[in-house]
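Colleague: Please put the model on the screen. I would like to ask how each label was assigned.

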Amino acid sequence: MLGIAFVVMLVALDSTVVGTALPTIVAELKGFDLYAWVATSYLLTSVITVPIFGRLGDYYGRKPFVLVSIILFTAASILCGMANSMLWLVIARGLQGIGGGMLVGTAFACIPDLFPGAHVRLRWQVLMSTAFGIATAVGPSLGGFLTQYWGWRWVFYVNLPVGVLSLFFVYKYLPHLRHTHPDAKIRLDWPGALLITAALGCLQLFVEMLPKHGLSLAMLGLLAASVVAFIALWKWEHHTPQPILPFDLLFDKKLSTLFLLSVLSGFSMFSLMFYAPLLYQGGFGLSPQEAGLLITPLVACIMVGSISNGRIITKLKNPNIMLYVGFSLLALSCLGVVISNRWTSHGVIAGFMLVGGLGLGFILPNLTIFIQQEAGREHLGIATALMQSLRMIGSMLGTAIIGTLINHMYAGSVHQALSEQKADDWFSSFSDPQILISHDTQTTVLAQLASAGHQGQLLLVAAREALIGAIHMGVGLAVIVTVTALWLVRRVPAITLHSKLEPAVVAE
């Protein structure tokens with residue numbers, strides 16, 4: 001379990017550390033046009049590989065894939081640190097995403113392999129939540145420290161000691177468990193894997209590029225390609241004897257609602273974690289440090305909520321109650337972001353973030369446990385991987401829908417404010433909300449506006465108000481999504497936390 005905990009830390013640490021260093025990386029490697037692809041290439045490859053290796057782990061056992069993924073992820077981290085161009089970094093991040101997808105698709109499913117009993121598994125799940133929480137909480141500060149004092153390359157090299165530790169513990173102590181007999185003939189569903197790659201790859205590209213390019217012909221082509229690939233996947237997987245993605249599982253009455261809740265929770269969680277910091281810095285004019293302190297309760301209380309959940313849920317006759325509580329708290333937190341303004345006290349804002357963290361702490365581990373309970377041993381890996389993939393897809397949809405909405409509303413409001421002062425020529429300077437965060441850029445633009453005879457401070461205030469209104473509208477959509485999820489919880493079948501999982505076969 002220490003090995004699995006280090007694996008979880010490896011993925012969580014990388015996802016939080018890199019973001020802090022990105023502006024410095026771009027400034028040195030001079031490739032702003034590829035800025036978004038540093039994150040997109042990682043997401044693209046990881047979203048594709050999670051369900052594929054989740055299924056392969058069901059067939060062959062998870063230990064070999066966990067070991068390979070640690071080696072691949074760590075080696076790719078070293079390549080990222082050695083990058084001398086943005087293109088090199090983007091390719092290395094794509095390779096790192098393959099390792100990350102393998103880790104997520106196999107490591108989380110190792111826990112029910114080791115502990116078939118749900119009560120025992122819940123206690124050990126706390127270790128995973130703690131490891132994830134520590135890495136997520138430390139990540140942004142560690143990324144800033146390493147970038148400032150050691151250089152941005154150490155943001156990637158820091159994965160090396162964690163990778164070595166996880167490799168040692170997993171190799172030495174994790175048993176190789178299989179759910180199929182070693183002599184059983186297994187035919188790999190390579191067409192299914194290729195169709196998953198095409199379907200999710202085109203969807204990810206569509207979602208990432210939609211806010212920037214809008215519904216252009218190329219974007220509609222990507223969406224159409226994704227839909228066609230999904231339809232082909234659907235037909236193929238119903239005719240192949242050993243499908244890599246069993247659609248019967250996806251539409252199973254006991255599991256379908258839980259999978260849908262994973263999508264909706266990813267949508268809402270993304271809204272809070274991504275847009276609340278932008279609201280506090282760009283809208284309210286807080287420093288990055290102040291905004292970071294306000295967001296900390298959200299991240300820290302995910303861990304607190306998970307630990308509390310493990311203690312509470314085993315004493316409840318109806319464990320489903322915790323999903324009701326979790327989604328209620330998450331909806332309240334999103335609503336708190338919508339109603340907060342520049343005069344709201346920091347204590348109240350931190351309180352809303354704390355409530356959201358507790359809600360996610362009640363939602364995330366319970367969705368994992370409930371899905372593993374209902375899926376059964378044969379589909380354990382693919383069910384867990386599907387849940388992770390669907391949560392990522394929910395986040396992707398949040399990126400496209402809320403991002404497009406905020407960009408459109410912000411641009412419209414800023415354009416109107418500039419027109420009122422007859423300063424339409426300055427739209428390019430205000431079109432990116434980053435001007436509201438960068439004090440150096442503000443000083444330069446305000447000086448230029450003053451020399452041109454415009455009231456720069458009034459335009460800046462108007463841009464802040466436009467951003468606040470746009471984010472309120474975007475996160476308001478997340479409130480609707482979370483309330484919908486709360487209503488759907490009633491369709492989750494009554495979960496009983498007794499062991500449904502038979503012990504696996506030890507392959508070595």
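Modeller: The chain has 19 helices and two strands; helices are DSSP runs of H or I with at least four residues, strands are runs of E with at least two, and both are numbered from the N terminus. This is a predicted model, in which local features need pLDDT of at least 70 and side-chain atom pairs count only at pLDDT 80 or more, while totals for chains, interfaces and linings use all residues. Residues are numbered from 1 along each chain as its sequence is written, and side-chain values use heavy atoms, without hydrogens and water.

Colleague: Why does serine 166 count as buried?

Modeller: Buried means under 20% relative accessible area, exposed over 50%, and partly exposed in between, with a 1.4 Å probe and protein chains only. Serine 166 has 0% relative accessibility, so it is buried. The residue is found in helix α8 (residues 159-173). Over the chain, buried residues make up 56% of the 508 residues.

Colleague: What does serine 166 touch?

Modeller: Not counting residues up to four places away in sequence, serine 166 touches Gly3, Phe6, Val7 and Ile70. Contact means heavy atoms within 4.5 Å. Among contacts in the chain between residues at least 6 apart in sequence, 83% join residues at least 24 apart.

Colleague: Is glycine 61 buried or exposed?

Modeller: Glycine 61 is at 0% relative accessibility and therefore counts as buried. Glycine 61 lies in the loop between α2 (37-60) and α3.

Colleague: What puts the buried residues of α10 on the same side?

Modeller: In α10, Met219, Leu222, Ser226, Ala229, Leu233 and Glu237 are buried. They cover an arc of only 85° around the axis, so they are on the same side of α10; the arc is that of the directions from the helix axis to the C-beta atoms. An α-helix has 3.6 residues a turn, so residues three or four places apart point the same way. The face turned away from the buried side of α10 carries the exposed residues Leu217, Val228 and Lys235.

Colleague: What makes a set of residues a nonpolar core?

Modeller: Its members are buried Ala, Val, Leu, Ile, Met, Phe, Trp, Tyr and Cys residues joined through side-chain atoms within 4.5 Å. The largest such core has 151 residues, and those with the most contacts inside it are Leu89, Leu261, Tyr280, Leu323 and Phe430. Helix α12 (residues 253-283) gives the largest share of this core, 15 residues. Leucine 89, leaving aside its neighbours within four places in sequence, is in contact with Ile25, Leu29, Val38, Cys80, Ala83 and Phe156. Leu323 is among the buried residues of α14.

Colleague: How many aromatic pairs does the structure hold?

Modeller: Nine. Rings of Phe, Tyr and Trp (its six-membered ring) pair if their centres lie within 6.5 Å; planes under 30 degrees apart count as stacked, over 60 as edge-to-face and the rest as tilted. Phe6, Phe168, Phe169 and Tyr173 form one aromatic cluster.

Colleague: Why is the charged end of lysine 63 said to sit over the ring of tyrosine 171?

Modeller: The rule asks for NZ of Lys or CZ of Arg within 6 Å of the ring centre and within 35 degrees of the ring normal. The charged end of lysine 63 is 5.7 Å from the centre of the tyrosine 171 ring and sits over it.
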